[in-house]
Amino acid sequence: MKPFQLTRRAFLHGTAGALVALPCLAAQRAYAAAPKRLLIMAVGNGTAPEHYWPTAPGATPPPLNKPLEEYVYRSASTALDTGDHALSPILKPLELFRKDITLVEGLDNCDGFGGHRMYGALLTGRFPTEGNDEGRSARGMSVDQVLAGHIGKDTRFPSLQFGSYARDNSSLFGVLSWYGDGKGAPAENDPYKMFARLFAGTPQTQDRLAQLVRDEKRSVLDFATTRIKTLEQRLGGADRAKLQNYFEALRSVEKQLAFDGTGAAGCSPASVAKGLDIKSDDHVAMVTNAQVDMVVAALACDMTRVITLQVGHEGSDMTHPWLGVNEGHHSGLGHSPDNNFARVADMIKVGQWHAGVVADLIGKLKAVPEGSGTLFDNTLVVWVNGMTKGSTHLNQNQPTLLAGGFGGAFKTGRYIRLAENAKRSYGDMWWEVLRAAGVNVPSFGEAAEFHNGLPQIRS
């Protein structure tokens, strides 16, 4: 008997796909090999860098109750590449995944100066235009958009931009992804709108679906159940399990959004009576959790292969009440002096929460089966910060974490410390990412800041 095969076109635009976008299954002809995927998470306002970097073998971690007179640009003049390091207080939530992550100490954002505005250069590797902050803009295309034109060109969304409290969506302080000079791709902060965009079907069916959901108070998934069960009967065991796991995850997202039908496509998110308030500091963690689940679902069903997730933005003064941190992140924490131990402790708490979001992403990517491995195996997760330290406004030696092997391209479980005279920038790192994805360009970012890549991160 000829094995059952399902074309990608029929899969995404057929009877079930018209209502709910489904995950890629082995039965699809076009799904011959697992694709590479890039997920970049960015936060702003710097961190407590002395409590971010791992402790090298034989070294003593800095005490929490003794300020450094000045943050050391490099902790040593010699290079280091080790797997025998101790994770810092900020990185402790990632302990379970220490073999899956690599810390790179010594990367600058361009020449390491510029403060908040260099957030807009994190993914372009190029200096913004000249002028005051209101008149300045990014230059060049960001690395995610370069990849969107290659690994993302055959997906429904070449790239997606998620946000949680990333309110400044028009300036260098808040836009991470750039289509080109001055052409930003702002993040979508509203999980209701993102849910509708991803899971409510094609534009031709969205209005009809929204009305049905409102009338019958049913879930988006309920409308596809009968046809999906018919499809399941023709799939192999592994595909059936994958499909079931996907719908359980999607149902979880619906519940998080208090989805009662009023949040479907075409409906205002304000009509969700018991939903999330994207403007409230109190709801930031819950909004972030909902966005994380949709990030994973969007990658799992191959809607996209390139995603940015912005948690806050540069200069944001959001508070973190669920952590017991009620000072503004920018002015209250970032600008505090090193001898304000209470504020340093709060900055560590915020950093730990960020690390926990990364850990959540890794864990959920690992929970999605793909081929003989998992979705995480072919994904590269990169966590970056807009600055190194808020009180100094430096962009030197920026906190940088990579997770995942990117289909075997990168070796993980390492702490890489570049020598003081190494002079490597984000352009060097992004160039290696592009090469690993099969994109051959002679360099990336500012020519003067590019130093032939970052081979240390490659396998």
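Modeller: Gladly! Helices (H or I, at least four residues) and strands (E, at least two) are DSSP runs, numbered from the N terminus. By that rule, Leu 176 is found in the loop between β5 (160–164) and β6 (177–180). This is a predicted model, where local features need pLDDT of at least 70 and side-chain atom pairs count only at pLDDT 80 or more, while totals for chains, interfaces and linings use all residues. Residues are numbered from 1 along each chain as its sequence is written, and side-chain values use heavy atoms, with hydrogens and water left out.

Biologist: How many helices and strands are there in the protein?

Modeller: The protein has 10 helices and 14 strands.

Biologist: Why is Leu 176 called buried?

Modeller: Buried means under 20% relative accessible area, exposed over 50%, and partly exposed in between (1.4 Å probe, protein chains only). Leu 176 has a relative accessible area of 0%, so Leu 176 is buried. Across the protein, buried residues make up 58% of the 459 residues.

Biologist: And what does Leu 176 touch?

Modeller: Contact means heavy atoms within 4.5 Å. Not counting residues up to four places away in sequence, Leu 176 touches Ala 42, Tyr 119, Leu 122, Leu 123, Ser 142, Thr 308 and Gln 310. Leu 123 is 53 residues apart from Leu 176 in sequence, and the two are 6.8 Å apart in space, C-alpha to C-alpha.

Biologist: What makes His 320 buried?

Modeller: His 320 has a relative accessible area of 1%, and is therefore buried. His 320 lies in the loop between β8 (306–311) and α8 (329–334). Leaving aside neighbours within four places in sequence, the contacts of His 320 are Val 325, His 329, Val 350 and Trp 353.

Biologist: How do you know that α3 and α7 are roughly parallel?

Modeller: Axes are lines fitted to C-alpha atoms, for helices over the stretch in contact, and angles run from 0 to 180 degrees between N-to-C directions. Angles under 35 degrees count as roughly parallel, over 145 as roughly antiparallel, 65 to 115 as roughly perpendicular and the rest as oblique. The axes of α3 (residues 191–199) and α7 (residues 284–300) come within 10 Å and cross at roughly 15°, so α3 and α7 are roughly parallel to each other. On the α3 side the contact includes Met 194, Phe 195 and Leu 198, and on the α7 side Ala 290, Gln 291 and Met 294 are among the residues involved.

Biologist: What makes α7 roughly parallel to α9?

Modeller: The axes of α7 and α9 cross at roughly 30° and come within 10 Å. That angle makes α7 roughly parallel to α9. Among the residues in this contact are Val 292 and Val 296 of α7, and Trp 353 and Leu 361 of α9.

Biologist: How many residues does the largest nonpolar core have?

Modeller: A nonpolar core is a set of buried Ala, Val, Leu, Ile, Met, Phe, Trp, Tyr and Cys residues joined through side-chain atoms within 4.5 Å. The largest has 60 residues, and Met 41, Leu 198 and Trp 383 are among those with the most contacts inside it. Helix α9 (residues 341–366) gives the most to this core, with 12 residues. Another core, of 36 residues, lies apart from it, with Leu 123 and Leu 176 among its members.

Biologist: How many residues of α10 are buried?

Modeller: Of the 11 residues in α10 (residues 426–436), 10 are buried, and the helix is mostly covered. These buried residues pack against β1 (37–43), β4 (107–108), α2 (143–148), β11 (379–385), β12 (400–403) and β14 (424–425).
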